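Trainee: Could you take me slowly through one part of this model, the sheet and whatever packs against it?

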Amino acid sequence: MLKLSQLFFRRMALILTGTFLVAALIGYYLLRQMEIETHARMLRNLLTVLEYDLKDLPPARIPQTLRQIHHRTDVRITVIAPDGRVLYESNRSPVGMENHATRPEILEAKAKGWGEAVRHSATLDVDLLYVAHKDRGRFVRAAYSLASIQRQLLSLWLKALGVFALILGGIFLFSLRLNRRIGKESGQIHEGLEQLLEKNYDADIAPVECCREFAEIRRMLQKVAKKLAKRERQKAKYTKKLKTLTQRQSDIISAISHEFKNPVAAVMGYAQTLQEGQNIDPEIRRRFLDKIQTNAEKISHMIDRLALAIKLENRTFTLRKSRFRLGEIAQSVRETLLQKYPGRNIRLECAPVEIEADRDMLEQVLMNLTENALKYSEDDVTLRCDGARMEVIDHGEGIDNEELEKITKKFYRVDRHSWNNSIGVGLYIVKYILQLHDTELEIRSVPGEGSVFGFSLGKMKGQLVTSNE
């Protein structure tokens, strides 16, 4: 393993090398752009002067003048007609040359007055910088070889790199000196650590002055001895927490086992009675068979709940959305629960609203919330929908504030009761189904006064419809 000083030196060297390479590339690009822009301005000035000279020059003398300019400046000059025909060319005869109307610099000059382009010349088989100007209906174009620009750029770039290399060299020497100092003081800290490993907590670490971080490390190491005593207390705390989690897990398994035990025992008891009593009265036989069916349905319902909770947690459940009236499933939930809880009253206050959602899942949400309200309230339960929200309201004993955020967790049960058939997955399922519908379960409760379980219809809500009920 490398020492801190070695890591510092290597990383500093890597950073300097990377900086040099990046600066070289960026510098080359910027210098190249600067050179191109400088030569473009030069060509613009040249064209401005040339156009003034060509204004009064006889046509017969123009080719010779263009050749002389090319000989002195190495700039290729082309005069182009408005329709793209080459009228004059400094390097060759214009006869047989292609039409230049579609050249990028000509198109830009036609639109803006001036045009520039850097591209390959098929005529000369070299890369050129082109600058064109629209002058009295015709176009005057100047071209300069990028190879010449490249030579000038390379010379300037190498000089800039030399200066930058000197600066980096100075930084490198400074880093080397700092590296040696770090190595010395990290060695002192290492010696202090060796003393601590030998349980010599009274040993002092030599003062360090290189870096503020090293001084902080020295100060912290001097506190290590005091912190060792706290480790045992922390260990005991974590052990207690682990035991609590283990106990909770055992309680969950016990709750599930207990809930399954009662209906299973009832099924087995009634079935055994039917087997042993061959001459049982038909009416009693029918009642026993009804009891067996009821308890079997309860077991099936509990298994379905657990299976759905697992699907939701594993994210393997897919919604099957359809469009329906929210009042229809609210009425269905009301009728089902009134049969299960005879003598109770469930009030329905639902505006005529259509939603797009998974009908079965939303019905299960209302079923769970309403049944919970019936279990923990002796007064009327209200299902209320105002078109924007759906709420289940009871006037029961309410829920303590410290338990409000916990009751929607999987397998959580309030100590005083067994929420959701004691398994503790009902409200967890409700919360997850609503999240799949882009909304959240909201709970408001006042101990001793009652609770409100509701959710916003959000993206599920459709347009209000006319009620025929």
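This is a predicted model: local features need pLDDT of at least 70, side-chain atom pairs count only at pLDDT 80 or more; totals for chains, interfaces and linings use all residues.

Mentor: The part to look at is an open sheet of 5 strands, arranged in the order β7-β9-β10-β12-β11 with mixed pairing. At its edges are β7 (346-350) and β11 (442-446), each of which pairs on one side only, and from one strand to the next the twist averages 10°. In general, the strands of a sheet pair through backbone hydrogen bonds, either parallel or antiparallel.

Now follow β12, which covers residues 450-456 and runs antiparallel to β10, residues 389-394, with 6 bridges joining the two; within this pairing, Arg389 has Ser456 of β12 as its bridge partner. β11 and β12 form a hairpin with 3 residues between them, and in the turn you will find Gly448, which has a positive phi of about 90°.

Finally, turn to the helices. Helix α7, residues 326-340, lies across β7, β9 (381-385) and β10, and its direction is at about 180° to β7. Helix α8, residues 359-375, lies across β7, β9, β10 and β12, and runs at about 20° to β10.

Conventions. Residues are numbered from 1 along each chain as its sequence is written. Side-chain values use heavy atoms; hydrogens and water are left out. Two strands pair if DSSP finds at least two bridges between them. Helices (H or I, at least four residues) and strands (E, at least two) are DSSP runs, numbered from the N terminus. Axes are lines fitted to C-alpha atoms, for helices over the stretch in contact, and angles run from 0 to 180 degrees between N-to-C directions. Contact means heavy atoms within 4.5 Å.
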